[in-house]
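Please keep the sequence and the view open while going through the points.

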Amino acid sequence: MAVVGLFGGAFDPPHVGHVALARAAIDHFGLDRLLVLVVDDPGHKRTATPVETRLELARLAFADVPEAVVEIDRHARTVDSLEARRLEDAVFLIGADELVDLPTWKRPERVLELVRLGVAMRPGVPEQRLRDARARLPAPDRIEYFALDPVAVSSTEIRKRVGRGEPVDGLVPPAVAREITALGLYAPAE
Ligand code: ATP
């Protein structure tokens, strides 16, 4: 049966770490389709850019990943988004930093009933913190780690670099870099 992947984020902006995670997950889980969910209002953090702009950037970022379908997600909470979708066999992808936060999500036990979790390693997340987070979860057998060559980049770093007028070549896909410049995103206020 076809396995669908779900990859949610603020994507403010999308970067090469996101694309690497998507590609590694497609290989590891044999995904036919990967829904990239650009979360309108992530709740736990503020976004610098309207969701329509982040959608556009994410479409550019994932343009070379044929399995990826990019869309806006209006649900602030993962469990609500998943309840609305009712997918048969789906794997929800997160970076290791998100796994550490999972016990604070709305109804993590329900999330793990609705989907498997695919967790990619992320630089800066100590293994002990991962083990502790996993031990606190209701269904650790629903979690599968997959290897990702570490990509030390975050959207925060990119916003800061752009704000300082520094280049972001190599940190975001070239089309995303061009669009950031064209739209004047993340620039310091005049
Ligand atoms: P910010 O710096 O604004 O917090 P971010 O770089 O973490 O943003 P998000 O859009 O919040 O980007 O991330 C979406 C998902 O991608 C999360 O599950 C996050 O853990 C994962 N992710 C982001 N960057 C990486 C990376 N370099 N390696 C592995 N996973 C990542």
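**Notes on the ligand and its surroundings**

1. Strand S1 (4-9), helix H1 (16-29), strand S4 (90-95), helix H4 (96-101) and helix H7 (155-163) each contribute at least two residues to the shell around the ligand. Please bear in mind throughout that this is a predicted model.

2. There are 23 residues around the ligand, and those that come nearest are Lys45, Asp97, Val151, Ser155 and Thr156.

3. Which atoms of the protein lie 3.0 Å and 3.1 Å from atoms of the ligand? For phenylalanine 11, a backbone N or O atom is 3.0 Å from an oxygen atom of the ligand, and for valine 153, a backbone N or O atom is 3.1 Å from a nitrogen atom of the ligand. Arginine 159, by contrast, uses its side chain, where a polar atom lies 3.2 Å from an oxygen atom of the ligand. On its own the ligand has 610 Å² of accessible area, and the protein covers 93% of that. The ligand sits in the largest pocket.

4. As background, most residues other than glycine have a negative phi, and most peptide bonds are trans.

5. Turning to the aromatic rings, the count comes to 4 aromatic pairs. How is the pair of phenylalanine 29 and phenylalanine 146 arranged? The ring centres are 5.7 Å apart and the planes stand at 75°, so this pair is edge-to-face, given that angles over 60 degrees count as such. Because phenylalanine 29 belongs to helix H1 and phenylalanine 146 to strand S6 (residues 143-146), the pair ties together parts that are 117 residues apart in sequence.

Technical notes. Residues numbered from 1 in each chain as written. Predicted model: local features only at pLDDT ≥ 70, side-chain atom pairs only at ≥ 80, totals over all residues. Heavy atoms only, no water. Near = heavy atom within 4 Å. Polar contact = N/O pair within 3.5 Å; in protein donor to acceptor, adjacent residues only side chain to side chain. Areas by Shrake-Rupley, 256 points an atom, 1.4 Å probe, with all protein chains shown as cover. 1 Å grid on protein atoms, 1.4 Å probe; cavity = no way out; pocket = protein on both sides within 12 Å on 5 of 7 lines; lining within 4 Å. Sits in = over half its atoms within 2 Å of the grid points. Helix = DSSP H or I, 4+ residues; strand = E, 2+ residues; numbered from the N terminus. Phe/Tyr/Trp six-rings, centres within 6.5 Å; stacked < 30°, edge-to-face > 60°.
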